[in-house]
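Keep the sequence and structure open as you read.

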Amino acid sequence: MSRFFRSGDDSSSESSSEEEELYSEEEEEEEDKDESEEDEDEDEDEDEEESEEGSSDEEGGKKSGAARFLRGDDSESEESDDDAPKTLKSAKDKQFAELESIIDTIEKRQKINDWGAISNEFDKLNRQAAKIPGTPKLYIKALVELEDAMNETISKQKVTPKKMNATSARGLNAVKQKIKKLKQDYQKQVDAYREDPLDFLASDDEEEAEPAPKPENKRAEIYTDQVDEDQEGFATVGKGGKTLQFTPESIFKHLRGILESRGKKNTDRLEQIKIMEKLNEVAVTPYQHIRVLLTLVSARFDLSSGGSASMPFEHWKAAEKEISVLFEVLEANRDYIVIENVEEWDDDDKPPTLQPGEKYIKIPGSIVSYVERLDDELTRSLQSIDPHTSEYIERLTDEGSLYNVIFRGLLYYETLGKDTALQIPQDSLNRIVMRRLEHVYFKPAQVVKILEENAWKSVPDGVESVITPKGSISDATELLNVLCNYLFANSEGIIRARAMLCQIYFLALHDEYYKARDMMLMSHLQETIGSFDVHTQILYNRTLVQVGLCAFRKGLVYEAQNTLQEICGSGRQKELLAQGVMIQRYAQVSPEQERLEKQRQLPFHMHINLELLECVYLTCSMLLEIPLLAQTGSSPDIKKRVISKTYRRMLEYHERQIFTGPPENTRDHVMQASRALAAGEWKKATNFIHSIKIWELMPNTEEIKAMLSKQIQEEGLRTYLFTYAPFYDTLAIATLSSMFELEDQKVAAVVSKMISHEELAAALDQVTSTVIFRKGVELSRLQSLALTLSDKTAALIETNERTLEQRTQGTANAFDRRGGQNQRGGRGGGQRTGRGGPRTGGASQRQAGGTQFTGGVLGGAVRG
């Protein structure tokens, strides 16, 4: 390379290095000045943004050092072509130019209504303004104009049917929040600009510092000694190494920062909870206590917001105590109320005050949502704990404190409802009454009474309930009636249906079968339950099962079997009652569906014993099916009907066993009792049924066993008469009475009922107390088999004809290979003229339908 080019490179590099040194020295001075004026009480988000901007500045500096060689080459070529003079800009001028460029970009984006880009550019504008010492007036002007444009856009959106897209809507909301926060810092400059924009911009003096930084520094110095040093001298340190100061004046500022960071990634929720616990300790006024408690409870609930994980035990207890404290604060300060649909107070420096003409200071919040979430978290925790451990019992004791919280919440909403001016929504009151009802409907009356007594002990003396007055409700049944009647009158849809199901369940649990049955039939829920949500359908299934068990305890075997048939006959009791997840063999269940199924499961203390349910169902099916099988066996001409397919399959499987050992489980006991009952050994059947240990779980076990013995004796009598009636001409009632150890009147009543229902072809001679059987009515064994053969043959012929018509599609002579000569058509050698046409020749015309087939010669012989 020649000296000419080398010398040119040296000169250009020297000039560019001098420029770089000039700019770098000025930028270092500006940065030092910014660092000296930096405020120590800035929010954590602003610190993070400044740190990011600092890193970008450093990277920018490195790039300028690397790019100066390229500039040197360009400057060399430009100088060689034309020696125009250059003007050097200071760092401050460059920063103002960048500020103007960002403002120009924002104005262009405003014209196309692109608020997503405006939000990003506004962030750049704030970072650029923070670099410039003082407060640029261009920045104040841009802030005011952007606020006006934002308000205009919001007002247009309220009257315009065409909605903004999601990105622009999010950007608009973000800009609104940022402007609201920035106006608090620059309120003085904004007011001055709005009074006289020209005078404000014409004044040469720039604001040399952020608004009122010195008082903040003084306050930080004053409260430096008030750092919480209970933890062995350690202090809480935020981002950037700054010590967090907790004072009554800074409570709302900390709450604002926590609320803004809620839901963001990499947010330490446990640290936020610790901060709010300290804020609650330093809170002085009722308004501060209420705001901190509402935010603190919400933050605790956020710990279990993701997935199916339950809320940690200690945080649940803390949330329960904090809600109780919130109720105490609200009761002590009646002028503060927490209701929904209220605008949030924006001024963090000045708390709201009671305005003339107003009775309350309204704070936005939903007490009923907190109560429901606390209830759901306890249920989720009980779902995840092994029910056979002591931990489950200990966790279940928290239900009492939860019931107290629900009761306090109901009293609070009743108090608010007394003032009609507040317009408290009825739905909130209905929801909390429903929660109270759902905690008592499945419990015995004694447990409900204890819950109510403890709930009233936690309430101050001056508080009274409108729905359930303290002295007027004497027992649990009356409490259920009052709560359900309130929901019947003030709610509709799902809540009303659930209230009715809860009352039916409670009545059935306490042996009020006829009331429960009548309510179930009058509600007509069995017709519309398919349109309700899954949880209501589960409650309907539980209520249906409980009504069936109540009918069994009353000795109503037919009603119990008919009620339980829908649930127990499906073989999916666990799934229908939400007491377990059953995976079918070939079913494809997605992980999402499986997760939802697990979330629907009921806690163990609400379960209905499935083994007891199966035992009751099979016992009722045995008492109905065994006499029916005996009746069908002796009279095959009677149309066969099946009461319980599940029971029939079990019975057939048991009869196919080559060797039958002693019964081991409930099913074996019922099957062997069935075989003994069918053979007329009613005492043996009674012993098998009584030896089932599951009866010990039912109340009044001895009464249940006595009822079962009586039912087995009566059904054994019916089975005996069905089986051996063809072999008797007359039978004395006294003989039957001694065989089945029943009273003569009872035997006569059973026989009379069978005769009246035409189940038994006999007559009752009351003079001699004998049963006279009519002969010639029952068929012999050969006749029964012949009729069975004729029915099966008719069914086979009908099936063959359908198959032929499907294959030939009704075409005549489809299988004739001789061209129509000496055609054979159908049975009997006749011919068939067409599809469905009459046959000629052979036997007489056969009527359609397999049941009308006469059996030909064999059928005639049987009838003759």
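The model is predicted: local features need pLDDT of at least 70, side-chain atom pairs count only at pLDDT 80 or more, and totals for chains, interfaces and linings use all residues. Residues are numbered from 1 along each chain as its sequence is written, and side-chain values use heavy atoms, with hydrogens and water left out.

**Nonpolar cores**

- A nonpolar core is a set of buried Ala, Val, Leu, Ile, Met, Phe, Trp, Tyr and Cys residues joined through side-chain atoms within 4.5 Å.
- Buried means under 20% relative accessible area, exposed means over 50%, and partly exposed lies in between (1.4 Å probe, protein chains only).
- The largest nonpolar core has 168 residues, and L437, F552 and W695 touch the most other members.
- Helix α27 (residues 610-634) gives this core its largest share, 12 residues.
- Another core lies apart from it, with 28 residues, among them W115, A142, L146 and Y193.
- In soluble globular proteins, nonpolar side chains tend to be buried together.

- Helices (H or I, at least four residues) and strands (E, at least two) are DSSP runs, numbered from the N terminus.
- Two strands pair if DSSP finds at least two bridges between them.
- Three strands make an open sheet, in the order β3-β5-β4, with antiparallel pairing.
- β3 (730-732) and β4 (762-765) are the edge strands; each has a single partner strand, so one side of each is left without a neighbour in the sheet.
- Neighbouring strands of this sheet are turned by 20 degrees against each other on average, direction ignored.
- Three bridges link β3 with β5 (residues 770-773) in the antiparallel sense. A732 has T770 of β5 as its bridge partner.
- Four bridges link β4 with β5, also antiparallel. Here D765 has T770 as its bridge partner.
- The β4 and β5 hairpin has four residues between the strands, and S769 takes a positive phi near 55 degrees.
- Helix α32 (residues 733-740) lies across β3, β4 and β5 and runs at about 60 degrees to β3. Axes are lines fitted to C-alpha atoms, for helices over the stretch in contact, and angles run from 0 to 180 degrees between N-to-C directions.

**The parallel pair**

- β1 (residues 336-339) and β2 (residues 361-364) run parallel, joined by four bridges.
- Y336 has I361 of β2 as its bridge partner.
- Both faces of β1 are covered: Y336 and V338 are buried on one side, I337 and I339 on the other.

**S401**

- S401 lies in helix α16 (residues 398-417). S401 is buried, at 16% relative accessible area.
- A polar atom of the S401 side chain lies 2.8 Å from the backbone oxygen of D398.
- Leaving aside neighbours within four places in sequence, S401 is in contact with W316 and E320.

**Cysteines**

- A search of the whole structure finds zero disulfides (cysteine sulfur atoms within 2.5 Å).
- C484 is in no disulfide; its nearest cysteine sulfur, that of C502, is 6.6 Å away. C484 is buried, with 0% relative accessible area.
- C615 is in no disulfide either; the nearest cysteine sulfur belongs to C620, 9.2 Å away. C615 counts as buried, at 0% relative accessibility.

Note on methods
Contact means heavy atoms within 4.5 Å. A polar contact is a pair of N or O atoms within 3.5 Å; within protein, one must be able to donate a hydrogen and the other to accept it, and residues adjacent in sequence count only if both atoms are side-chain atoms.
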